[in-house]
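The following exercises concern the structure shown below.

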Amino acid sequence: MPRRPILADYCHDSDIKAIGAKQSIVFKDFAKQLEGFYRQHFPEILEKHYQTVEEKILPEWRIEGSPFTSGIVNKDNPLKYHRDAGNFKGVFSNMVAFKKDVAGGRLCLPEFGIKFEIADNSLLIFDGQTYVHGVTPIIKLSGEAYRYTVVWYSLEQLWQCLPLSDEAKRIQTKKTQRERKRVDLIREHKNKG
């Protein structure tokens, strides 16, 4: 995850590790498997993806064995139209879907008038940074129904991330500066009162 000044002003691992070590390993191993499909169907774009990652992202902020830095797991999530702002430009995201007893939930690209039927155990490789896309309403047909999509991508904001030890020093310094400012504000307020 890149820095988010208000929530977490430091680069760090995503919450997937909080879900569980086993799930994190599966997530990372799957990214390595997707690299083969990406290479088979879009070798030039994959090469550009790797080149950008090598130039801009330190190894500790990448998913090893893949061109990706990040990913997300969506459960039963219809999404409004959007672009994946923040992803690398000119490269592709990889989305795997798992579903059961669901109607709808198509990936829609309105600029092209296309709705992709997202089948169970399917892979869709596309440029979500450039093209507006969204997910149509999901209709569950049984009590066991679900629609999961897992998307791997690369974030430009990770270009700013320092080596892990330097990132820790940076946030310690920032926190100290913030606390000193708070103390100064409190003193100033007391002196006025």
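**Exercise 1.** Determine how many cavities of 30 Å³ or more a search of the whole structure finds, and state which residues line the largest cavity.

*Solution.* The model is a predicted one.
- Step 1: When the whole structure is searched, one cavity of 30 Å³ or more is found.
- Step 2: The largest cavity holds about 40 Å³ of space.
- Step 3: Its lining consists of Asn87, Phe88, Val91, Phe92, Ser93, Phe126, Asp127, Gly128, Gln129, Tyr153 and Ser154.
- Step 4: Sorted by class, this lining comprises five nonpolar, five polar and one charged residues.

**Exercise 2.** Identify the residues of the nonpolar surface patch, and decide whether Ile114 is buried, partly exposed or exposed.

*Solution.* 
- Step 1: The nonpolar patch on the surface is formed by Phe112, Ile114, Phe116 and Tyr131.
- Step 2: Together, these residues have about 340 Å² of accessible area.
- Step 3: Ile114 belongs to strand 5, which covers residues 114–116.
- Step 4: Buried means under 20% relative accessible area and exposed means over 50%. Ile114 has a relative accessible area of 33%, and is therefore partly exposed.

Methods: Residues are numbered from 1 along each chain as its sequence is written. This is a predicted model: local features need pLDDT of at least 70, side-chain atom pairs count only at pLDDT 80 or more; totals for chains, interfaces and linings use all residues. Side-chain values use heavy atoms; hydrogens and water are left out. Patches are made of residues with over 30% relative accessible area and no salt bridge: like charges are joined within 9 Å, nonpolar side chains (Val, Leu, Ile, Met, Phe, Trp, Tyr) within 5 Å. Accessible areas come from the Shrake-Rupley method with a 1.4 Å probe; for residues, only the protein chains shown count as cover. A salt bridge is a side-chain nitrogen of Lys or Arg within 4 Å of a carboxyl oxygen of Asp or Glu. Helices (H or I, at least four residues) and strands (E, at least two) are DSSP runs, numbered from the N terminus. Buried means under 20% relative accessible area, exposed over 50%, partly exposed in between (1.4 Å probe, protein chains only). On a 1 Å grid over the protein atoms alone, a cavity is a set of points where a 1.4 Å probe fits but cannot get out, and a pocket is an open set with protein on both sides within 12 Å along at least five of seven lines; lining residues have an atom within 4 Å of a point. Grid points are joined across faces, edges and corners, and a volume is the space filled by probe spheres set on the points. Ala, Val, Leu, Ile, Met, Phe, Trp, Tyr, Cys and Pro count as nonpolar, Asp, Glu, Lys and Arg as charged, and the others, Gly among them, as polar.
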